[in-house]
Amino acid sequence: MNVNEINEYLQRAREIIGERSQAEIAYDDFVVVQLSRGADIKRAIRAANQEFPGEALTPGPDHWTDLASRYEYIREHKGILKKLGVKE
């Protein structure tokens, strides 16, 4: 991968993930850790809501699949950043 490809990837990832506050990033990171430890999305969100009540998500029944996809994307993105040696 060359520098232009990396920059394009990072730009696209920012568009997909969206702008987040530091508190939102901490919440997302917590969810990703829970998922990496084997929790399902509902358990991961529940744990993050307890740890970060100000950022708590209250998804409806139709939102769990989208949330699972979002957090899987974030988890994979964090792995790519680590391999590239890039900080968020």
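**Salt bridges and nonpolar cores**

Glu15 and Arg12 join their side chains in a salt bridge, with an N to O distance of 3.2 Å. The model is a predicted one, and a search of the whole structure finds five salt bridges. Side chains of opposite charge can pair when their charged atoms come close.

**The pair within helix 1**

- Glu15 and Arg12 are three residues apart in helix 1, which spans residues 3–17, and they are therefore separated by about one helical turn.
- Glu15 is partly exposed, its relative accessible area being 49%, and Arg12 is likewise partly exposed, with a relative accessible area of 46%.

**Salt bridges elsewhere in the chain**

- The side chains of Arg20 and Asp28 form a salt bridge at 2.7 Å, N to O, and both Arg20 and Asp28 are buried.
- Arg20 and Asp28 also belong, together with Arg70, to a network of salt bridges.
- A further salt bridge brings together the side chains of Asp29 and Lys78, at 3.1 Å from N to O; this pair links distant parts of the chain, since Asp29 lies in helix 2 (residues 22–36) and Lys78 in helix 4 (residues 64–84), 49 residues apart.
- Asp29 counts as partly exposed because its relative accessibility is 24%, where buried would require a value under 20%, and Lys78 is partly exposed with a relative accessible area of 25%.

**The largest nonpolar core**

- In soluble globular proteins, nonpolar side chains tend to be buried together.
- The largest nonpolar core here has 14 residues, of which Tyr27, Val31, Leu35, Ile41, Ile45 and Tyr71 touch the most other members; the elements that give two or more residues to this core are helix 2, helix 3 (41–51) and helix 4.
- Ile45, when residues up to four places away in sequence are not counted, touches Tyr27, Val31, Leu57, Trp64 and Tyr71.

**The second core and His77**

- A second, separate core consists of five residues, among them Ile6, Tyr9, Leu10 and Ala13.
- His77, a residue of helix 4, counts as buried because its relative accessibility is 6%.
- Leaving aside neighbours within four places in sequence, His77 is in contact with Tyr9, Leu10, Ala13 and Ile17; of these contacts, Tyr9, Leu10 and Ala13 are included in the second core.

Methods. Residues numbered from 1 in each chain as written. Predicted model: local features only at pLDDT ≥ 70, side-chain atom pairs only at ≥ 80, totals over all residues. Heavy atoms only, no water. Salt bridge = Lys/Arg side-chain N within 4 Å of Asp/Glu carboxyl O. Helix = DSSP H or I, 4+ residues; strand = E, 2+ residues; numbered from the N terminus. Buried < 20%, exposed > 50% of the residue type's maximum accessible area, 1.4 Å probe, protein only. Contact = heavy atoms within 4.5 Å. Core = buried A, V, L, I, M, F, W, Y, C linked by side-chain atoms within 4.5 Å.
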